[in-house]
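Visitor: Could you walk me through how to read this structure? I am new to it.

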Amino acid sequence: MQAKIAVVGAGTMGNGIAQVFAAHGYDVRLADVSQAALDKGLAAVASSLARLVKKGQLAEADVPAILARIQTTTRLADLADRDLVVEAATENAAVKESIFRQLAAVVRPDAVLASNTSSISLTRIASWVSQPERVVGMHFMNPVPVMQLVEIIRALQTSDAAYRLVYELSQALGKTPVTVKDAAGFVSNRVLMPMINEAAFTLYENLASAEDIDTVMKLGMNHPIGPLALADLIGLDTCLSIMDILYTEFRDSKYRACPLLAQLVQAGHLGRKSGKGFYSYA
């Protein structure tokens with residue numbers, strides 16, 4: 001019997017995760033706090049599927065069935081029958097704790113609770129719920145339908161069964177799962193975010209323009225996208241949150257967030273999603 005999936009959070013990561021599961025035939029329930037957020041998430045899925053059709057990577061006839069596999073709800077209680085719940089809410093520990101405590105009260109005791117967190121300790125997250133052995137990290141990359149990596153993070157408490165489920169499901173989605181130990185930022189953001197932060201410092205110190213900084217990294221290091229453009233894609237608020245977590249967890253000044261990054265977030269310039277970040281988006 002195929003696993004029933006839930007995704008909590010209909011934002012960029014959540015709707016992408018829901019799309020990938022639905023595209024591979026899974027019954028998905030997408031939850032968020034408001035119907036407006038859910039509608040926006042479903043619209044993003046429809047737009048993403050349309051792009052895949054245009055690129056010849058998906059048959060147009062398959063789109064209605066994929067969308068039909070994603071049901072929405074504003075009630076976490078509606079996730080009671082799910083086998084796997086993937087939390088993809090904002091990168092805020094207090095928000096995630098509230099979600100996990102509510103989930104633990106409504107889902108089956110044997111349901112696996114996964115988090116798409118990009119930096120928060122899974123051992124800490126597991127401590128918030130009963131049966132902490134069912135908590136595991138399932139960190140997808142953005143954009144989820146395109147990127148092949150899934151970081152699988154084992155909390156100190158994670159059981160072999162929970163680990164195997166998310167590892168095997170990642171493979172079933174056509175992704176490449178990589179297992180890492182539980183430490184702030186894991187591997188991906190432990191390496192990526194300091195690079196983005198250092199790129200922000202080079203802009204802050206007027207070493208070069210944003211365009212030239214990104215060109216150096218694209219042409220000199222063979223990166224497909226420059227670090228500042230990538231930060232805008234991820235969301236500058238998310239980048240700042242991760243840097244703050246790294247700084248707090250490791251107590252090392254090398255993780256101090258660039259003042260420019262903090263200023264842009266304070267100004268509401270969060271990148272693509274707000275229309276302006278290191279670059280402007282008409």
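Visitor: Is Phe201 buried or exposed?

Guide: Phe201 is buried, at a relative accessible area of 11%; buried means under 20%, exposed over 50%, and partly exposed in between, with a 1.4 Å probe and protein chains only. This is a predicted model, where local features need pLDDT of at least 70, side-chain atom pairs count only at pLDDT 80 or more, and totals for chains, interfaces and linings use all residues. Residues are numbered from 1 along each chain as its sequence is written, and side-chain values use heavy atoms, leaving out hydrogens and water.

Visitor: How many aromatic pairs does a search of the whole structure find?

Guide: A pair of aromatic rings is described by the distance of the centres and the angle of the planes. Rings of Phe, Tyr and Trp (its six-membered ring) pair if their centres lie within 6.5 Å; planes under 30 degrees apart are stacked, over 60 edge-to-face, the rest tilted. The search finds 4 pairs. Among them, Phe21 and Tyr26 are edge-to-face, 5.5 Å centre to centre with 90° between the planes. Phe21 is buried at 0%, and Tyr26 is buried at 7%. Phe201 and Tyr204 have centres 6.5 Å apart and planes at 70°, so this pair is edge-to-face too. Tyr204 is partly exposed, at 39%.

Visitor: Which residue lies over the face of Tyr163?

Guide: A charge sits over a ring if NZ of Lys or CZ of Arg is within 6 Å of the ring centre and within 35 degrees of the ring normal. Here Arg154 lies over Tyr163, 4.8 Å from the ring centre.
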